[in-house]
Amino acid sequence: MSLIKMLPKNLFIALTLTICGPSFSQVNDKEILVGTVFPMTGGIATYGQESMNGINLALKKINHEGVKGHIIKLINEDNKSEAIETANAVRKLAHIDKVIAILGSVASSHTLAGAPIAQEAKVPLLTPASTNEEVTKKGDYIARTCFTDGFQGEVMAKFAKENLKKMKAAIIVEASSDYSKGLAKVFRESFTKMGGTVIAEEYSYQSGDTDFRTLLRKLSRSKPEVIFLPGYYEEAGLILNQARSMDITAPFLGTDGWDSPKLQEKAGEKGIVGNYMSSHFSAEDTDTLVSNFVKEYEAAYKQKPGAMAALGYDGIMVIADSLKRAKTLTRSDLQKAIVTTKNYKGITGNITLDKFRNAKKSAVVLETTPHGNEFKFKVSP
Amino acid sequence: MSGFFDYLIPLLSNVGIFIILALGLNLINGICGQFSLGHAGFWAVGAYAAGAYGLYFAPEIPNFINLFISCLVGMITSALFGLAIGIPCLRLRGDYLAIATLGFGEIIRIVIMNTDKLGGPRGMTNIPHWTNIFWVYAWVILFIFIIVNFLKGPHGRAMISVREDEIASESMGINTFKYKTMAVVIGAAMAGVAGALFAHGQQFLHPNNFTFMWSVIILLMIILGGLGSVTGAILGAIILTILPELLRFMGTTIAEWRMVIYSLLLIALMLWRPSGILGKREINLLGLFKKGKT
Amino acid sequence: MSQNFIYLCYDILQYLVNGLAQGSIYALVALGYTMVYGIIKLINFAHGEFYMIGAFIGLYLVSLKLPLYLVFPLAMISSGLIAVIVERLVYKPIRYAGKIPALITALGASLFFQFGGQLVIGADSKSFELPYQDKTYILGEVSVTSTQLIIMGVTFFLMLFLWWLVKHTKIGKAMRATSFNRDAAELMGINTDMIISFTFFLGASLAGAAGVLVGMYTNTVNPLMGMIPGLKAFIAAVLGGIGIIPGAVLGGLVLGVAENLVVGLWVSTYRDAVAFAILILILLFKPSGLLGRPTGEKV
């Protein structure tokens with residue numbers, strides 16, 4: 001319905017080159033426009049869809065109260081799981097829709113493509129889930145509400161050494177992912193610093209691989225006591241499955257890329273047992289804030305929220321909170337408010353942005369079991 | 001209204017970049033008849049070479065001179081790759097050549113992915129922003145003139161004869177291998193310039209920007225416009241760069257169908273209009289192409 | 001030192017076993033490529049998609065708790081029928097338009113199934129539950145799982161069946177005649193349109209079987225899964241000599257083993273690059289493939 005109504009106007013906007021052409025300020029004065037850029041189609045669409053679920057849940061809450069008498073209206077763009085499309089979408093949101101802020105995206109390589117454009121247009125861009133260190137170095141308008149890869153790698157190295165009391169670790173990386181490579185580097189450094197040894201050879205696989213038997217056979221020769229596997233749930237699940245069926249019993253350690261109910265599905269009953277991962281939040285956290293969120297989410301979407309949903313929820317909440325604190329409803333005042341976010345009580349932990357606009361907040365360590373990930377403990381920075 | 005232009009001008013720059021890519025591929029596929037599926041590989045080589053120049057070697061001179069040098073770097077590197085790939089592969093015919101070029105395109109991407117100096121899977125960031133719409137279209141116009149004049153000359157005619165019948169033109173004394181290599185090298189050189197303009201426009205390169213899918217999309221551009229037609233290639237590039245952005249304004253449901261629409265478009269074109277919108281004809285604009293028509 | 005050497009030998013044997021399992025799957029897909037190419041000289045880019053379709057149909061049938069001996073024939077027949085529909089709707093009208101338009105059409109069909117599949121089934125992968133308990137048999141330090149044995153067994157059986165079909169039946173004779181000279185075959189009263197459709201059916205059903213096998217082997221299926229194995233199978237077909245049935249099998253096995261050796265002894269990063277490099281080398285030095293005889297170009 002709205003499609004047909006929108007068609008002529010938008011065609012007109014897109015096609016006319018007239019200087020005095022169409023007016024873009026036809027939006028309701030009571031609405032604040034916020035753009036989102038998430039992968040709704042393509043390779044990592046599940047992350048985008050889950051993030052948007054969390055965002056929409058939060059939005060209902062925000063608009064129930066209102067922000068300075070306004071309501072937030074989202075303009076959602078799909079980046080098709082591609083970097084170029086992220087840049088195009090950010091450009092459209094910044095210049096055509098004239099949004100006050102942009103929320104997105106998930107994969108760091110996508111956010112990195114959009115960030116310089118947002119910085120140049122001076123639109124605050126807040127990423128809820130891109131953990132790569134580089135992202136927020138693009139300028140003062142780029143911030144994030146999640147922790148960075150460095151922190152996560154350290155948490156897992158410490159966990160392997162102190163909690164599991166393991167001395168010899170092996171690392172399997174996804175060679176086509178910077179996320180995975182970056183985490184592997186941090187883990188290697190911190191684990192050796194703590195006195196453990198990491199097997200020199202780096203075992204690697206490619207995104208989309210499905211048969212890891214030869215790789216795992218090679219790995220089992222070096223007899224590691226613990227295996228660090230920073231990657232995404234898809235391949236990680238299959239690796240767990242195949243490793244256990246080959247009688248590799250050493251625990252695998254993962255990171256937030258594992259955090260999806262799909263991991264259980266891929267790894268199977270036997271493969272999932274006895275592994276650990278770090279993540280942003282646990283649905284089993286006893287904190288009332290978290291359990292309320294889980295209840296609401298389950299009521300709305302009939303499934304348990306994953307980390308992406310929680311991060312998306314917190315991301316839009318931080319924008320709303322910053323809008324409330326901003327002196328005026330302009331991009332520059334909003335930017336000032338976002339970077340001074342302090343002790344915001346989110347469901348993924350207390351969010352405080354440091355001077356590099358990265359969130360300093362807690363990570364959780366979870367144990368993977370067939371029924372879901374069991375909450376072990378929280379690690380504060 | 002400045003905001004609208006901030007959106008439109010980069011979009012038009014992208015249109016220009018794709019025009020250059022389509023013109024280059026059209027020379028290889030449409031005019032010389034050598035079916036290549038690895039154009040995104042040449043594009044990637046040019047982009048990364050130019051990006052590396054911008055990041056590591058660029059001296060402190062005015063931007064437009066740097067951009068020019070960068071385009072030359074992209075062009076030459078890409079042309080060398082074209083030569084290195086063309087000489088072995090052009091001994092193959094038709095569908096075999098298609099698969100071999102596809103293979104080369106993928107190998108280039110895998111090698112970039114694993115080269116740390118080029119950013120690897122992190123992508124190449126912080127490339128200086130030198131591209132502007134003026135220089136994009138300066139290159140576009142330059143290439144259009146070169147190609148149009150080239151086609152009118154003896155080399156262009158020889159190239160077309162290779163497309164029409166390789167064995168016959170060989171027996172007429174035309175060195176077909178030379179012309180095939182020439183087409184690939186020039187096409188690659190153009191893709192290299194497009195890559196340089198792209199690198200300095202986006203400021204960020206990632207190996208996954210240059211997948212096989214982009215080779216297909218560029219191919220679709222020239223098929224849509226009409227294989228072998230210069231204006232057809234331009235028209236195809238314009239349509240297929242603007243169309244996805246228009247779909248963006250029509251809501252996500254249509255945008256989700258983009259690749260499905262493209263695939264059906266490919267099939268439908270082949271079934272009903274294999275010669276594309278223009279066939280091998282040209283559109284006469286402002287008498288640009290008039291001179292040669294006698 | 002010598003201990004390490006023994007380990008290395010065991011490891012290489014293990015890589016060979018893994019490679020043969022992987023290679024069997026490539027071989028099954030490559031057979032379809034090679035038959036279709038043999039008969040209408042078309043590189044059927046969409047062939048990998050029939051493998052994907054077979055895997056999804058297999059997934060669905062297994063989830064219905066059907067026994068495996070029913071899952072395989074049903075998945076094979078359905079992916080074969082889908083291939084015939086595609087052939088009749090798209091490839092047949094374009095058959096005489098030349099090689100390049102046919103190749104582009106095939107590319108379009110392939111993209112249609114990949115992205116259409118993503119929209120209809122969803123982009124994320126689905127898990128394939130094994131209908132039986134996977135057992136591991138250990139010989140020395142080399143292990144073979146029952147799934148690997150099933151893969152090799154089914155592949156071997158299907159190849160024997162195909163060989164019998166092509167060499168010892170009337171329809172096989174008609175296929176060979178059509179491949180040799182379509183016009184002459186037509187004049188001899190062979191319904192070549194029917195034979196071409198049948199070839200598509202046969203090729204796609206083998207790919208469908210490979211899809212079910214790979215689903216069982218890796219426990220995962222997704223709409224884009226056909227793309228890379230499709231290309232690999234094409235490489236296998238060219239490696240063995242395109243158009244030659246034993247060549248496709250040989251090429252598939254060689255490629256599967258080579259890939260596993262690359263991963264085992266070197267790095268997985270260059271696995272795909274090595275496969276493409278094999279393709280380019282074979283095209284340059286022996287374009288007719290390992291088992292092929294060179295042919296001259298005719299006017």
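Q: How many helices and strands are there in chain B?
A: Helices (H or I, at least four residues) and strands (E, at least two) are DSSP runs, numbered from the N terminus. Chain B has 12 helices and zero strands, so that its pattern along the sequence reads α-α-α-α-α-α-α-α-α-α-α-α. This is a predicted model, in which local features need pLDDT of at least 70 and side-chain atom pairs count only at pLDDT 80 or more, while totals for chains, interfaces and linings use all residues. Residues are numbered from 1 along each chain as its sequence is written, and chains are lettered from A and ligands numbered from 1 in the order in which they are written.

Q: What radius of gyration does chain B have, and why is it said to agree with a compact globule?
A: The radius of gyration is taken over C-alpha atoms, and the globule rule is 2.2 Å times the number of residues to the power 0.38. Chain B has 19 Å, which agrees because a compact globule of 294 residues would have a value near 19 Å. Along the principal axes, the C-alpha atoms of chain B fill a box of roughly 55 × 40 × 35 Å.

Q: What percentage of the residues in chain B is buried?
A: A residue is buried if 20 or more other C-beta atoms lie within 10 Å of its own, exposed if 12 or fewer, and partly exposed in between, with C-beta atoms placed from the backbone. In chain B, 59% of the 294 residues are buried.

Q: Which residues of chain B touch chain C?
A: Two residues are in contact if their C-beta atoms, placed from the backbone, lie within 7 Å. By this rule, 30 residues of chain B are in contact with 32 residues of chain C. Helix H4 (94-113), helix H9 (212-225) and helix H12 (258-272) of chain B each supply at least two residues of that side of chain B, and the largest share, 10 residues, comes from H4(B). Ala, Val, Leu, Ile, Met, Phe, Trp, Tyr, Cys and Pro count as nonpolar, Asp, Glu, Lys and Arg as charged, and the others, Gly among them, as polar. The side of chain B that touches chain C has 22 nonpolar, four polar and four charged residues.

Q: In what order do the five strands of the open sheet in chain A lie?
A: Strands of a sheet pair through backbone hydrogen bonds, either parallel or antiparallel. Two strands pair if DSSP finds at least two bridges between them. The order in chain A is E2-E1-E3-E4-E5, with parallel pairing. Strand E2 (71-78) and strand E5 (142-144) of chain A are the edge strands, each pairing on one side only. From one strand to the next, the twist averages 25 degrees. Four bridges join strand E1 (residues 31-38) of chain A to strand E3 (residues 101-104) of chain A, and Val37(A) stands opposite Gly104(A) in E3(A).

Q: Which strands of chain A form a hairpin?
A: E15(A) and E16(A) do, with two residues between them. Seven bridges join strand E15 (residues 363-369) of chain A to strand E16 (residues 372-379) of chain A, and the two run antiparallel. Thr368(A) has Asn373(A) as its bridge partner in E16(A).

Q: How is chain A divided into domains?
A: Domain bounds come from an automatic or database domain assignment. Chain A has domain 1 (27-147 + 289-361) and domain 2 (150-279). Their centres, taken over C-alpha atoms, are separated by 30 Å. The contact takes nine residues from domain 1 of chain A and 11 residues from domain 2 of chain A.

Technical notes. Axes are lines fitted to C-alpha atoms, for helices over the stretch in contact, and angles run from 0 to 180 degrees between N-to-C directions.
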